[in-house]
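Read them with the structure open.

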Amino acid sequence: SFTISLRTVDNITVTIKLRPGVSVGCQIRVKHFTRSELKIKPGENVTFTFTCSTPEKYFIMEIQKNIDCVSGPCPFGDVHLYPPGLPRLNRTFIWDVKASTKAGLELKFSTPWLRQIEPGEVCPDFVSYNINSCIDTSTVNIGTFCRNGSVSRVKLLGGVIMSLYLPWNSPLTTSGFSIANRSSIKRLCIIESILKGESSITLMSPNYPLGFPEDELMTWQFVIPSNMRASVFFHNYSLSNCARKEERVEYYIPGSLSNPEVFKLSDSQPANIAGSFNLSLQGCDQDAQNPGILRLLFQVVVQHPQVDENVTHLVDLSKERNMTVTIHFEGWPNRIPVMSEPICLICKDPRTCDRVLTLVSGTVYKISFLCKDLSRLRITAEKGISCVDLRWCQRKVYPLSVPKAITQLPIQLHKFIWKLLAPDLINIEITSPSLKLQQHVPEQRCNTSYSYSIVSSTTPDTALNVGVFCPGGSIEKIQMRNNVTISLKTFGKGFFNESNHQDLKMSFVPHIKDECSFTVNPDPKAKVYLQTPNWPYGLPPYISISWYVVVPSKKVARLGFSKDRMGIACETGRAYVNIKEETQGAEETVRREDELLPEPRNMYHDFWVNVSNCKPVDKTQLTLQFWVTFGDKQIDLGVILAVVAGAGVLTAIGLTVCCVKKKKKKSQNPMVGVYNANVNTQVPGKQGLFTKGRKNNESHVYAVIDDAMVYGHLLKESNGSVSPEVDVYRPFDGPIGSLPPSPPPFSFRKDIKHSSNTEEPPSLTDTDHDTYTFAHQKSGQSEDIGDTNEKNNGDTSTSLLENKEQDSLAE
C-alpha cells in the first residue's frame, strides 16, 4: 500500500488516473472501494493500493504545485520533487507560478543544462521539460527541452507553468532548476545559451511551429568564449502578413560599429562572430483577416578560427552569361548535415558566410572558406544557352566547357549543367571533334574522371534520356530535336588536369527527321558498342533513332546485334530496324519486331542503322544494342585471275596496234577495221589460266581498233539486257572523285549487293575510287552467296575476249 500525506501550506494536488487509450485492467482500492481515478487535495492523507502488480502500465500521475509570487513572497531557490514516497508511475510535476508582468521570473537550470527539441521529438532518457509563459489569460509555449544542452537560464515576462516529465523507472530525485529572481525584461522571454568549445545547437521561436505571438519581441543570449567563432543559420522560417511594422531579426555584437545590426529573415545571417552576442526576433501587427504565421528554427555553430580564413580566392564571372555557381556541402540539397558534423562555411565577405553560397554571372567575387576539410565541399554550376533566331545563332558554335574560374578553385566540381533551349523547328547538335564520345554501356564502361549525361525533352514528362557518355570514343556528333540538358559529372580529382582538354561543342541546326541521330566515326582497331536511348527502360512509343557509321577507307565493317529479336509486341503501329549502306543502288535491309534481327554482316561503305518504335502492348519497351568491328578488305582469287586476264588482253591489243601502225607507214590507204585471221593473241605462258581457249580460232581479234569503236554499243543494241552467260562492262554513271577514273579491268565479280556476309575487293586504281561496277548477278544465283573469301576462291573468271559471242564483233 501507499500513503500520500499533503500539507495545506504546500498547495500541492496529486492526481492518479488512467493512461489515455488504455482499457480498465487495473483499479485503485481505497479502503473497501475501487476506482479508476484518485485525486488527493492539499491537507488530505490517503492510503491506497492497486489491484494489479504492474500499475505503471495503466496509470499516470500528475503532481501540481501552485506558487503565488504576486500576493506573497516568491520561494526563490531550488525547486524540490515533493511529496516523497510516490508510487513508481509515469509522473508529471507541474509548477504553476503566478507573477506580475512588471516583474518577470528567471528559471535557472543546473548542469548539464537543457537542449531544445522540436515538437514530437523524444528525449534519449525520456526526461523532458516544458516551459510555458502566462501573460494575463494567454499562454505561450516557450519550448520543450531535454537534459544535456546549452540552455542555462530562461527569463519570462509574467507567470510561468513549468512541467517536468519523468518515466516510472527514472532515478532522478531533483527537479534540476531553481527560481532565481524577479526582474522586468519588457519582452516575451530571454533564453541564455552557454557554448563551450566547438559545438552546435538548434533553437526555435516560441509556439513553434504554430506561430510567434503577434507584435512580440524575444531575445537569445549566446555566451561564446572569446577565442571561438560563432555563425548563425536559419533553416526553417515563415513570415506573417504584417499590417504595421516589419518582422526582422536584430543582432547585438560587441565591437560592432552598427549595433543593433538588422536583418530580414530571408537574408544570410552573420557568421564568424568573435565572442558572445545577442539575437532578437521582432514580430509585427498582423492582418486581422489573414494573419499568417511567423516562426523560426535556426542553428548556431561554434568553431575555432580557421587558419586560412583570411585567404581569398578570386572568382571572376564578369564575362559569363546566364550562369550560376553554387558552392555547397557534400550531399546538398538532399542531405542535411547532422549537428555533430564539423561545419564548412563559404564566405563572400568576413561576416557573410553560409554552408551554401550561390554566385551569379556578371560579377567578380572574393571568397574564403571556414573549413578544416575542403574535400567536403562541392561545386554545382548551371548555364543556359538559347536560340531565338536561327539565322543568327546557326552561325555560332558554343563551347561546352567548364570555365577556368571554377576549375581553379580548391574544391571538387560535382556537376556542371548546360540547359540548351531551342524553339520549334530549331534543333541542337552536339559535337566532340577531337576526343569524340564513348557511350557508357555494360560491355564498354567509362573509366574517365568525368562523364556527360544527356537528356532531350520539351517537358519533364517527355524526357528522353539519350545516355551517359565520356570522352575517348567514336561518336563525333549527336543531333536532337528538343531542348537538351547536359550534365557533366566528375569522379575523383582527375578532372582538374583533364579539364584543359575539353572539346565538347554545341550549335543550333535546322529541323531533323529523327528524334535523335548519332554520327559514329570509330577507330578501325576498336569494337564499338551502341545502344538505344532510355536504357534500360526502353524507347518511348513512336520514337525513331538513327546512327550513321563511317567505314574507314580500305576497311570493311562487321555489324552485329546483341540479341536475335527486338523482344516486343506492338499494340499500335510497327517497330522496325533499317540498315542501308550509303552508296548508289544499295538495297535496304528491314526487319520488323516479329522477325529475327539480321545476322552479323559486312558493310563496305558508310551505312545507316535506324530503329523506330511502335506502341508496345505491355510495359516492356524496345531496347536494342549493336556492335561494329573492322577488318581489312581481302582480294579473292577470282579478282586476281580477272586482273591477269585483263593485263593479257591489253598486251595483245597493244601488239596489234603496233603492227597496224607499221603497215600504215607502207600503205596510204584509209584506215578500215578489217578482220585479220593470221594474228595470234594468245599470251605466251598463260594458256593454263583459261579453260575455254581458242588456240586455232582467232576470228574474234581485230587487226585495227579505231577510237570510235567501243564495246558499249552492244548494250544499246540489246536494250541493256545481258545474257546470263556473258559478263560485259557497264558505263559508269555515278559520282567520281577529284581525279579522273582509270579504265576498268576486264574482270567481273559475283554480286554482293544482297549478301550480308560478302567482302568487297578493294579498288584496283591508284586513287582508290570505286567508280566502276562489274557486279551482275547471274540468273538463278542464290541471294545470299556467303563470304567471297570462302566461296569465290576457286572461281575462275572468264575473260571478255574468251566469250564466243564476241565473234560477232568482226562482222
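**Aromatics, disulfides and a covered strand**

W220, F222, F234, Y251, F263, F277 and F298 form one aromatic cluster. The model is predicted.

Q: How many aromatic pairs does the count come to?
A: Two rings pair if their centres lie within 6.5 Å. By this rule, the count of aromatic pairs is 23.

Q: Over the ring of which residue does the charged end of K527 sit?
A: The distance from the charged end of K527 to the ring centre is 4.8 Å. A charge over a ring must be within 6 Å of the ring centre. The ring under K527 is that of W627.

Q: Is the disulfide of C69 and C74 right-handed or left-handed?
A: The sulfur atoms of C69 and C74 are 1.9 Å apart. The torsion about their S-S bond is about 65°, so the disulfide is right-handed.

Q: Is C242 buried, partly exposed or exposed?
A: C242 forms a disulfide with C284, S to S 2.0 Å. C284 is buried, at 1% relative accessible area. Buried means under 20%, exposed over 50%. C242 has 33% relative accessibility, so it counts as partly exposed.

Q: Which strand holds C470?
A: C470 is joined to C446 by a disulfide, S to S 2.2 Å. That link is left-handed, with -90° about the S-S bond. C446 lies in the loop between β38 (437-439) and β39, whereas C470 lies in strand β40 (residues 464-471).

Q: Which residue in β42 is the bridge partner of Y452?
A: Strand β39 (residues 450-456) pairs with β42 in the antiparallel sense, over 7 bridges. In β42, the partner of Y452 is L488.

Q: How many residues of strand β42 are buried?
A: Strand β42 spans residues 484-490 and is mostly covered. Strand β36 (residues 412-421) runs antiparallel to β42, joined by 6 bridges. Of the 7 residues in β42, the number buried is 5.

Methods
Residues are numbered from 1 along each chain as its sequence is written. This is a predicted model: local features need pLDDT of at least 70, side-chain atom pairs count only at pLDDT 80 or more; totals for chains, interfaces and linings use all residues. Side-chain values use heavy atoms; hydrogens and water are left out. Buried means under 20% relative accessible area, exposed over 50%, partly exposed in between (1.4 Å probe, protein chains only). Helices (H or I, at least four residues) and strands (E, at least two) are DSSP runs, numbered from the N terminus. Two strands pair if DSSP finds at least two bridges between them. Rings of Phe, Tyr and Trp (its six-membered ring) pair if their centres lie within 6.5 Å; planes under 30 degrees apart count as stacked, over 60 as edge-to-face and the rest as tilted. A charge sits over a ring if NZ of Lys or CZ of Arg is within 6 Å of the ring centre and within 35 degrees of the ring normal. A disulfide is a pair of cysteine sulfur atoms within 2.5 Å.
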